[in-house]
There are 2 protein chains.
Amino acid sequence: MNSSSIADSIRTRLGDFSSGERRVARALLASYPTAGLETVRLLAERAGVSAPTVLRFANRLGFANYPEFQRSLLEELAERDQSPLNAYSSGVGEEARGRLDPEHLGRSAAATLSEAVEETLTGIPRYELDAAVRLLSDTDRRVVACGGRFSRVLAEYLVLHLMQVRGRSTVLPDSPVERADLLSDAGRRDVFVILDFRRYEEEHLRLAEGVAEREAKVVLLTDRWLSPVSGVADVVLPAQVGSLSAYDSLVPTMAVCEALVAGVIHTLGDGAEERLRRFEETSRRFGLL
Amino acid sequence: MNSSSIADSIRTRLGDFSSGERRVARALLASYPTAGLETVRLLAERAGVSAPTVLRFANRLGFANYPEFQRSLLEELAERDQSPLNAYSSGVGEEARGRLDPEHLGRSAAATLSEAVEETLTGIPRYELDAAVRLLSDTDRRVVACGGRFSRVLAEYLVLHLMQVRGRSTVLPDSPVERADLLSDAGRRDVFVILDFRRYEEEHLRLAEGVAEREAKVVLLTDRWLSPVSGVADVVLPAQVGSLSAYDSLVPTMAVCEALVAGVIHTLGDGAEERLRRFEETSRRFGLL
DNA sequence: TCGTTCTCGGAACATCTGTTACAGCATCGT
DNA sequence: ACGATGCTGTAACAGATGTTCCGAGAACGA
């Protein structure tokens with residue numbers, strides 16, 4: 001959706017603008033093109049600058065008048081509405097995947113990561129997603145999530161969501177005592193969400209084997225080479241790792257997490273809404289906002 | 001409520017209009033909505049009527065002013081641009097939510113999220129990305145990151161990476177004392193990475209204003225409605241929020257984080273590699289793996 | 001045919017728009 | 001440290017905009 005010449009022109013030449021003009025550019029790009037179709041004063045307010053700065057911005061773009069600038073915006077809009085297929089005119093998808101071109105950091109990242117997200121989510125078998133959602137939607141079960149170096153933050157992210165829509169969800173504590181306490185009660189009423197990416201952590205495998213033995217359910221989020229935990233897991237959700245640098249990307253995995261949350265919310269329906277309301281009310285009452 | 005309420009309203013009530021007003025309506029529908037965003041006189045010419053007729057047309061639609069009519073048109077346009085996928089589900093929010101059953105969960109999530117990632121990364125001006133990378137690659141500066149309810153985990157994620165490739169990076173501590181300690185030293189040698197999404201947190205604005213006053217640099221990661229922090233930020237990186245449920249997605253923002261890290265690694269080159277080697281060695285030596 | 005009603009456009013009006021000039025301010029280089 | 005340069009906001013300006021009023025004309029029914 002970037003065949004629009006004006007927006008592109010702004011993005012390219014943003015460095016030449018002054019800081020005030022840059023604010024205008026940002027405000028315009030943030031809600032394009034409508035912000036540019038309002039009056040000068042409104043756009044100025046939106047950007048937090050004065051009216052003349054907006055005019056200087058238009059001048060710098062090469063327009064003599066503000067009306068002329070608006071006319072260009074309108075023409076562009078009219079063309080776009082006429083031929084909606086032109087959106088794909090600038091083939092971004094054909095760029096090399098996985099390799100980072102520093103000149104076009106944004107573009108190559110866009111191509112690599114969006115493709116990884118798409119492949120991941122379409123690549124996961126329906127049954128697996130379904131099963132994972134069913135387990136996470138079972139409010140009789142407690143949910144415990146854990147991850148490694150980086151994936152730990154996604155465990156937290158998932159739990160933060162689940163806390164709000166269903167409750168009874170925690171991340172596996174760090175401290176040995178707390179951890180032992182939690183695992184002592186582990187049983188068939190629990191589902192463990194384990195995020196394990198290479199280099200796979202042996203600790204995760206021990207954990208998974210242990211709780212599986214006690215008939216707890218295990219959901220595994222991993223990369224496409226499949227952590228050894230997959231041997232004991234009830235559900236396996238593999239993700240692509242389309243990486244931009246030495247590090248693998250966790251973006252597709254985060255997408256899976258959000259899809260899971262969306263599925264849980266849908267399954268729980270009114271239950272989730274009620275829980276959420278209660279959650280918010282409690283937050284307000286205790287001043288936790 | 002179909003794709004565009006105003007256009008529909010016109011089509012339905014076309015019979016109530018006078019013949020002159022009808023010509024205006026046709027001209028407007030012929031090139032919708034751009035024709036309505038021009039001046040009264042231009043629309044009048046386009047329709048072959050006089051200016052007052054156009055105003056009567058707007059009045060008949062229930063608008064007190066012509067500007068008010070244009071404002072509605074703009075709002076409608078903004079909404080439509082905001083969620084290009086919702087054009088199909090025709091804005092029935094509840095039904096759209098209901099369509100997210102596990103059967104289509106994977107597909108719709110794939111489409112929504114990968115598109116959001118792509119739009120986000122191609123939509124961010126190169127200048128902003130470069131500026132952010134430049135700031136984060138300056139090892140003379142300390143990096144401090146902070147976020148809100150959910151985005152906090154991304155602040156952690158970013159810092160985890162930066163710790164390994166450049167060091168001198170922390171998340172803003174939770175405890176008031178530690179926080180005060182850190183902020184006491186804040187100055188031109190620092191860059192604050194603030195993640196602020198709606199509902200925007202006033203605390204972030206205060207923080208940003210405070211550190212900006214002391215000449216620290218501020219990098220803002222926000223949604224497309226731009227947190228108020230954007231007023232004082234040196235770099236603004238907006239992201240799409242293509243959401244699957246009641247929650248906005250943070251997947252695109254995570255993609256931005258990874259792109260930033262990739263940029264920093266590239267900029268630092270051998271310096272990053274050496275740092276990483278040292279980091280690994282230290283981890284092994286102290287048994288921190 | 002006449003009179004009523006509705007519709008429409010011309011012209012004057014008030015407002016708000018975009019615009020410009022100017023002065024204060026920060027930033028940078030010397 | 002101190003001018004020079006560039007950037008920004010305030011205030012005043014001219015023009016265009018949307019708006020209103022009023023009279024001319026058309027449509028319709030009696």
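User: Before we get going, when do two strands count as a pair here, and how are strands picked out?
Analyst: Two strands pair if DSSP finds at least two bridges between them. The strands (E, at least two residues) and helices (H or I, at least four) are DSSP runs, numbered from the N terminus. This is a predicted model, where local features need pLDDT of at least 70, side-chain atom pairs count only at pLDDT 80 or more, and totals for chains, interfaces and linings use all residues. Residues are numbered from 1 along each chain as its sequence is written, chains are lettered from A and ligands numbered from 1 in the order in which they are written, and side-chain values use heavy atoms, with hydrogens and water left out.

User: OK, how many bridges join β1 to β2 in chain A?
Analyst: Strand β1 (residues 142–146) of chain A runs parallel to β2(A). Across that pairing, V143(A) sits opposite S169(A). The number of bridges joining β1(A) to β2(A) is three.

User: Which strands stand at the edges of the chain A sheet, and why is one side of each left without a neighbour?
Analyst: The open sheet in chain A has five parallel-paired strands, in the order β2-β1-β3-β4-β5. Each edge strand has a single partner strand, so one side is left without a neighbour in the sheet; the edge strands are β2 (169–171) and β5 (235–239) of chain A.

User: At about what angle does helix α11 of chain A run to β3(A)?
Analyst: Angles here go from 0 to 180 degrees between N-to-C directions, with axes as lines fitted to C-alpha atoms, for helices over the stretch in contact (heavy atoms within 4.5 Å). Helix α11 (residues 202–213) of chain A lies across β1, β3 (190–196) and β4 (217–223) of chain A. Its angle to β3(A) is about 160°.

User: Over in chain B, what is the bridge partner of L195(B) in β4(B)?
Analyst: Six bridges join β3 (residues 190–196) of chain B to β4 (residues 217–223) of chain B, and the two run parallel. In β4(B), the partner of L195(B) is L221(B).

User: How many residues does the largest nonpolar core have?
Analyst: Such a core is a set of buried (under 20% relative accessible area, with exposed over 50% and partly exposed in between; 1.4 Å probe, protein chains only) Ala, Val, Leu, Ile, Met, Phe, Trp, Tyr and Cys residues joined through side-chain atoms within 4.5 Å. Residues with the most contacts inside the largest one include L121(A), V193(B) and L237(B). Leaving aside neighbours within four places in sequence, L121(B) touches residues including L113(A) and V256(B). The size of this largest core is 98 residues.
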